[in-house]
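Let's take a walk through this one, starting with a pair of helices and then moving on to a sheet. Keep in mind that the model is predicted.

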Amino acid sequence: MSLRHIWAITRKELQHIIRDRSTLILVLVTPTALLVLMAYALTVDLKHVPIAVLDFDRSALSRRFVQQITAGDDLDLYAQVDSLAEIDDLLMAGKVKAALVFDPGFSQDLLALKGFRMQIIIDGTEPESGAFAVDHISWRAEEFINHALSEQIQALGFRLDNLQPIDLRVRTWYNPSLKPRVDLIPGLISMVLGLPALSVALTLAHEREHGTLEQLMATPITRGELLLGKMLPYLLVGLVNVIVIPILAIIWFDIPFNGSPFLFFTLSAIFLFALLAMGIIVGVFMHTQAAALAVSFLVVFFPGFFLTGIFFPIASMPEVMRLEALGLPGTHYAVITRGVFLTAIGLDVLWPYAVMLVGLGLAFTAIAALFFRKKLG
């Protein structure tokens, strides 16, 4: 294998990337833009969820509870209604996402410590907004009940300082505020870095489609040198994104970076090698750019959404899906990005994932070389 031959192909591809504005934007600008777009689209903090209230009790206690749950920015009181039919109309029109219904004996039962007679109706067509409203109302109801219970205990002549309440302390590590972006953005990096793999697949398909690949094969350059020369330019461009994207995540989205930058850069290079090798396989089998584009989305991007553990825990997937996830570089890299960004773990913990990425990269490269020889030999 000649380094001079590899460098010749690499230089040719670098010149193509620089001269072709669309390719340059795809591999250098689009990953950053895609991360920003997905970060804002997928990590929306729910606020100002509209609710309706049907108060059959009409007591000071029920009104105080409504004021308490709508005091912040989480829930907004859209309407006070007089019947269940009005609630149904508002839900059907999409004007409210949840409704509270107070039974006539709400305040009496609460003061008598007989229960909390309130119903929550949610719009099941938007489960996230409905679940958010239920969680917020439940949390406020717990506070409200505790306060009412304290008042009742004091009314019975007991002193609260003589009681020993349950002291439950919850401590959240690595993401104390439980912001979805802090967890999601490091995982999304594994998806947006997949665009160079798309580009290398399109490049191979383009050269086969226009007949220039056969011309290259007529030169003394071997098939292995050709494949490595095709991969290296996109690996270099991908490493530029490895530097730019974490800086964007830290500065723009305030994502903590607690680990080693050198370790992150090194493992990212290994991930790009495995991902580009997967893109090479697509380019080897597809004869047109349109087919390569479609298959790249099916093989690289679509599984990245559902099988890499970014959105859904791998442990909760069926066994067949878990086995399939192990064959995706993004599955292992998502663990690496979250581990380096948030928990500051080192190579002593991440080495199995690094080994898997190296193994996948070598296996994909071998498969590409094998079938590439069969296609053009």
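**Helices first, then the sheet**

Start with helix α2 (residues 21–42) and helix α10 (residues 223–251): their axes come within 10 Å of each other and cross at roughly 25°. Angles under 35 degrees count as roughly parallel, so α2 runs roughly parallel to α10. As for handedness, the crossing of α2 past α10 is right-handed.

Now zoom in on the side of α2 that does the touching. T23, V27, L28, P31, T32, L35 and V36 are the α2 residues here, and they meet Y234, V237, V240, N241, V244, I245 and L248 of α10. What kinds of residues make up this contact of α2 with α10? It's 11 nonpolar and three polar, with no charged ones.

Next, the sheet. Strands in a sheet pair through backbone hydrogen bonds, either parallel or antiparallel. Here four strands line up as β2-β1-β3-β4 in an open sheet with mixed pairing. β2 (75–81) and β4 (118–122) sit at the edges, each pairing on one side only. Going from one strand to the next, the twist averages 25°.

For a look at one pairing, take strand β3 (residues 98–102) and β4: they're antiparallel, joined over five bridges. Within β3 and β4, you'll find A98 opposite I122.

Two helices pack on this sheet. Helix α3 (residues 60–69) touches β1 (49–55), β2, β3 and β4, and its direction makes about 160° with that of β3. Helix α4 (residues 84–93) also touches β1, β2, β3 and β4, with its direction at about 135° to that of β2.

Key:
Residues numbered from 1 in each chain as written. Predicted model: local features only at pLDDT ≥ 70, side-chain atom pairs only at ≥ 80, totals over all residues. Heavy atoms only, no water. Axes fitted to C-alpha atoms, helices over the stretch in contact; angles between N-to-C directions. Parallel < 35°, antiparallel > 145°, perpendicular 65-115°, else oblique. Left-handed = near helix turned anticlockwise from the far one by under 90°. Contact = heavy atoms within 4.5 Å. Nonpolar A, V, L, I, M, F, W, Y, C, P; charged D, E, K, R; others polar. Pairing = 2+ DSSP bridges.
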